[in-house]
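Dear colleague,

Please find the structure below, together with its sequence. My notes on the findings follow it.

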Amino acid sequence: MALETTLILFKPDAVSKKLVGQVLSRFEAAGLAIRGIKMLRFGDTLLHEHYAHIASKPFFPEVRNFMQRTPVIALALEAENAVARVRDLLGPTDSTKAAKGTIRGDLGVDVMVNVCHASDSKETAATEVKRFFTAEELFSY
Ligand code: ADP
């Protein structure tokens with residue numbers, strides 16, 4: 001199976017509750033390698049691009065406020081089958097429906113406050129990794 005790189009964002013709940021280290025440990029323990037990592041403020045332009053698929057939803061303003069509450073941390077993680085593997089580790093979007101043992105099941109609060117964003121397909125991952133990282137910011141080793 002080919003190596004994939006997927007895009008993770010540590011959301012403001014993970015940053016403010018200091019959950020980043022333990023969640024990153026789970027990804028590394030599952031065999032995912034860090035290709036890129038950075039902290040950034042999620043400005044309006046980037047936010048509208050990244051969340052274009054929910055921009056017309058009634059909950060979008062709330063998501064926007066939440067995602068801009070603290071800086072976020074972006075990660076590009078690589079492994080075989082990385083996209084599906086990370087989504088499995090996270091559990092479903094709604095933390096209240098996520099099984100114990102998943103990141104959202106253990107550490108998430110609800111459907112919005114759910115620890116991490118992760119790319120949902122190989123195609124989305126390719127677009128999202130480029131959205132947050134230049135070629136020079138991605139490492140292979
Ligand atoms: P995912 O992030 O799991 O791929 P979506 O792309 O469907 O999920 O939604 C993007 C983000 O929008 C979610 O992670 C969550 O923060 C927020 N969101 C989704 N649905 C709702 C909802 N019903 N109410 C509030 N926020 C939501």
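Predicted model: local features only at pLDDT ≥ 70, side-chain atom pairs only at ≥ 80, totals over all residues.

Two strands are said to pair if DSSP finds at least two bridges between them.

Residues are numbered from 1 along each chain as its sequence is written, and side-chain values use heavy atoms, with hydrogens and water left out.

Ile73 and strand S3

Ile73 itself lies in strand S3. With a relative accessibility of 13%, Ile73 counts as buried; buried means under 20% relative accessible area, exposed means over 50%, and partly exposed lies in between (1.4 Å probe, protein chains only). Leaving aside residues up to four places away in sequence, Ile73 touches Ile8, Leu9, Phe10, Val15, Val20, Ile37, Lys38 and Met39. Contact here means heavy atoms within 4.5 Å. By contrast, the C-alpha atoms of Ile73 and Glu123, 50 residues apart along the chain, are separated by 21 Å. Strand S3 as a whole is mostly covered, since seven of its nine residues are buried.

Strand S1 and its partners

S3 (residues 72-80) also pairs with S1 in the antiparallel sense, over eight bridges. Within this pairing, Ala74 of S3 is the bridge partner of Leu9. S1 pairs with strand S4 (residues 116-118) as well, again in the antiparallel sense, over three bridges. There, Phe10 stands opposite Cys116 in S4. Seven of the eight residues of strand S1 (residues 3-10) are buried, so S1 is largely enclosed by the rest of the structure.

Asn81 is found in the loop between S3 and helix H5 (82-90). The phi of Asn81 is near 60 degrees, a positive value in a residue other than glycine. At 31% relative accessibility, Asn81 counts as partly exposed.

Val115 also has a positive phi without being glycine, with a value near 75 degrees. Val115 lies in the loop between helix H6 (103-107) and S4. Is Val115 buried or exposed? Val115 is buried, and its relative accessible area is 0%.

Lys17 sits in the loop between helix H1 (12-16) and helix H2 (20-29). Its relative accessibility of 42% makes Lys17 partly exposed. Apart from residues up to four places away in sequence, Lys17 touches Leu107 and Val109.

The chain as a whole

The secondary structure comes to seven helices and four strands, where helices (H or I, at least four residues) and strands (E, at least two) are DSSP runs numbered from the N terminus. Along the sequence, these elements follow the pattern β-α-α-β-α-α-β-α-α-β-α. The radius of gyration of the chain is 14 Å, close to the 14 Å that the globule rule gives for 141 residues, so the chain is as compact as a globular protein of that length. That radius is taken over C-alpha atoms, and the globule rule is 2.2 Å times the number of residues to the power 0.38. Taken along the principal axes, the C-alpha atoms fill a box of roughly 40 × 35 × 25 Å.

Of the 141 residues in the chain, 47% are buried. Among the contacts with a separation of 6 or more, 75% are accounted for by residues 24 or more positions apart. The chain exposes about 7300 Å², of which carbon and sulfur atoms supply 56%; the areas come from the Shrake-Rupley method with a 1.4 Å probe, and for residues only the protein chains shown count as cover.

With kind regards
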